[in-house]
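My entries follow the structure.

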Amino acid sequence: MATRGVGPVVAGTDGTDFEYRQRVAAPHQISLLNKSRLKYCIFFHALLFFVMLAKLTSDILDRLDIFVLEIEELEVPAPLWWEYIWLASLLTSFVGLSAARGNKIRDMQKYMITLGLFGVLPLLYCFVYYFGDVLEYLSLEDKSDLEETDIVLWRGLPYGLLWYAFCFVGFQIHGFTLYFSYNLIKAWKARSARKYQ
């Protein structure tokens, strides 16, 4: 058992010359930091997944021929195809987590591509699809009645604007996820290049 502050010290040193050995290489630090951030992004992606799942619950129950009065009374508008595609984007997270755990460059690249296809592209479609409704809502005069317009409403709120809020959060989560994944790939490539030198 070591004693603290007591014991012989090599002549010519004060005992703090060990600090140079305590440094972690930069690619390892970058990798650890971005792995942690990527896990947070995937966690927030999962939270957003449950928001979308709650929205699709009415349609899923209808397809299963299950009737729940409380859910039917919400009168949730019928889903579009992009909502189900985006819902599948959470499955890509398992590829990303596996790649991060094993420092696998190829798998992380696959994760970035599939997240772009199943996560970002459906949100872009949503953004374009509801652009007309949002633009019409934003250009309304203060005293105009929403019921007299062609804007789709849900519970008195413009439906397109609600989707824009969802897209805004989704773009942020997916953007940060792709950024941290890219940083991981760079760090892993730098580390593997250093190994072969």
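I looked up the aromatic pairs in this predicted model and found 13 of them. I took Phe127 and Tyr164 to begin with: their ring centres are 4.5 Å apart and their planes meet at 15°, so I noted the pair as stacked, the limit for that being under 30 degrees. The pair joins distant parts of the chain, with Phe127 in helix H5 (residues 105–129) and Tyr164 in helix H7 (residues 159–195), 37 residues apart.

I then checked accessibility for both rings. Phe127 has 34% relative accessibility and therefore counts as partly exposed.

Next I looked at Trp163 and Phe166, an edge-to-face pair with 5.4 Å from centre to centre and 85° between the planes. These two residues sit three apart in helix H7, which means that about one helical turn separates them. I found both Trp163 and Phe166 buried.

I also asked which residues the ring pairs link into a cluster. My list reads Trp81, Trp82, Trp86, Tyr125, Tyr129, Tyr130, Tyr159, Trp163 and Phe166.

Last, I went to helix H4 (residues 92–102), where the buried residues are Thr92, Ser93, Gly96, Ala99 and Ala100. They span an arc of only 125° around the axis, so they lie on the same side of H4. Phe94 and Arg101, on the other side of H4, are exposed. Just after H4, I noted a positive phi of about 55° at Asn103.

Notes:
Residues are numbered from 1 along each chain as its sequence is written. This is a predicted model: local features need pLDDT of at least 70, side-chain atom pairs count only at pLDDT 80 or more; totals for chains, interfaces and linings use all residues. Side-chain values use heavy atoms; hydrogens and water are left out. Buried means under 20% relative accessible area, exposed over 50%, partly exposed in between (1.4 Å probe, protein chains only). Helices (H or I, at least four residues) and strands (E, at least two) are DSSP runs, numbered from the N terminus. The arc is that of the directions from the helix axis to the C-beta atoms. Rings of Phe, Tyr and Trp (its six-membered ring) pair if their centres lie within 6.5 Å; planes under 30 degrees apart count as stacked, over 60 as edge-to-face and the rest as tilted.
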